Amino acid sequence: MSSPTRQKTHAERGIEVIQTELNAIQALTKRIDQRFEKACDTILSTTGRIVVIGMGKSGHIANKIAATLASTGTPAFFVHPSEASHGDLGMIMNRDTVIAISNSGETSELLSILPLLIRRNIPIISLCGRPHSSLAKASTVNLDISVTTEACPLGLAPTSSTTATLVMGDALAIALLHARGFSKKDFAHHHPGGSLGRKLLVTVNDIMHTDDAIPLVRENTTLKEALIEMNNKRLGMTTVVDADQRLVGIFTDGDVRRSLEQPINIHSTTIDQVMSHQPLSISADKLASEALNIMNEREITALVVTSDQQLIKGVIHLHDILKLGIH
């Protein structure tokens, strides 16, 4: 009597799906050829925008590809094919290029607008799984995103095919990013509202404490007076300057603890006797993220902001950086 077949675990099923989709992605590498080059050149020569269209699951992928292109230097937006047939086709200008996505290449809503695009000489880049389909044949260039097996065991739900399409879209976006010389600063200007944008855009000058908010004492100030200044400004430190107002030292909460362990008189001891000499400083035009890196490396909570002449311009504190979500 044969033993019953062991049912696969959820984890085993999950691994099968991932492996199937990995195989689909791996197959794409052989299709990055002259057609891919032509697609990139077509987009780079476009003086208008890139319009990405697709129905159903392909529509969701099209929307994401449009967003990735737009955030990496290639102006792009998504148009729903059904809405295009009912007025939104007016959003597509003669200077634009269309990226049309359909695994079958026979999506009726998409095919219905192709003649209008062709009549207006609008370039069409298709991401299609069937090179002999109506969409592929009508395209300026077709990128093959076909898969041998969907991860869905029924072969019905788009899984491997949508993953392959998404990866091909990413390949286009990043190839174009390099071609345009798109930089981190450019990327930040496209993402000003998120933590990434703040990390790449916010400078020390934007958030440092300035003017009367700067804890500051002269080097001949007594330890007691320095402690009062620290308490009033509440930054856990005070800067120390010479007669020319140049930075010569810093006195922190850690220095306070070390000083009070010694037999000293806070009324007569001057700050230059207990301060940290040659303190770290940063310029105001540096990114706040750079200041954070220095603080983390040196295990400190504040940096003095100075000019080239070592004149104090401000103080930046760890908490001010973290409040902005920069990490």
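The crossing of helix α1 with helix α8 is right-handed, a term used when the near helix is turned clockwise from the far one by less than a right angle, anticlockwise being left-handed. The structure is a predicted model, in which local features need pLDDT of at least 70, side-chain atom pairs count only at pLDDT 80 or more, and totals for chains, interfaces and linings use all residues. Residues are numbered from 1 along each chain as its sequence is written, and side-chain values use heavy atoms, with hydrogens and water left out.

Helices (H or I, at least four residues) and strands (E, at least two) are DSSP runs numbered from the N terminus. Two packed helices are described by the angle between their axes and the distance between the axes. Axes are lines fitted to C-alpha atoms, for helices over the stretch in contact, and the angles run from 0 to 180 degrees between N-to-C directions. Angles under 35 degrees count as roughly parallel, over 145 as roughly antiparallel, 65 to 115 as roughly perpendicular and the rest as oblique.

For α1 (residues 10–28) and α8 (residues 160–180), the axes come within 9 Å and cross at roughly 40 degrees. The two helices are therefore oblique to each other. Contact (heavy atoms within 4.5 Å) is made by Thr20, Glu21, Ala24, Ile25 and Leu28 of α1 with Ser160, Thr163, Ala164, Val167 and Met168 of α8. By class, six of these residues are nonpolar, three polar and one charged. In this scheme Ala, Val, Leu, Ile, Met, Phe, Trp, Tyr, Cys and Pro are nonpolar, Asp, Glu, Lys and Arg are charged, and the others, Gly among them, are polar.

Helix α2 (residues 34–44) also packs against α8, with axes that come within 10 Å and cross at roughly 55 degrees. That angle makes α2 oblique to α8, and the crossing is right-handed. On the α2 side the contact is made by Phe36, Ala39, Cys40, Ile43 and Leu44, and on the α8 side by Met168, Ala171, Leu172, Ala175, Leu176, Ala179 and Arg180. This contact has 11 nonpolar residues, no polar ones and one charged residue.

The axes of α3 (residues 56–71) and α8 come within 10 Å and cross at roughly 15 degrees. These helices are therefore roughly parallel to each other, and α3 passes α8 in a right-handed crossing. Lys57, Ile61, Lys64, Ile65, Thr68 and Leu69 of α3 meet Thr162, Thr165, Leu166, Gly169, Asp170, Ala173 and Leu176 of α8. The classes here are six nonpolar, four polar and three charged residues.

A nonpolar core is a set of buried Ala, Val, Leu, Ile, Met, Phe, Trp, Tyr and Cys residues joined through side-chain atoms within 4.5 Å; buried means under 20% relative accessible area, exposed over 50%, and partly exposed in between (1.4 Å probe, protein chains only). The largest such core has 25 residues, and Val52, Leu69, Ile99, Ile125, Leu127 and Leu143 have the most contacts inside it. Two or more residues each come from α2, β1 (50–54), α3, β3 (97–102), β4 (124–128), β5 (141–144) and α8. Apart from this core lies another, of 18 residues, including Ile53, Ile92, Cys128 and Leu135.

Leaving aside neighbours within four places in sequence, Leu127 is in contact with residues that include Ile65, Ile99, Leu143, Thr165 and Met168. In α2, Thr42 is buried, with a relative accessible area of 12%. Not counting residues up to four places away in sequence, Thr42 touches Thr97, Pro123 and Ile125.
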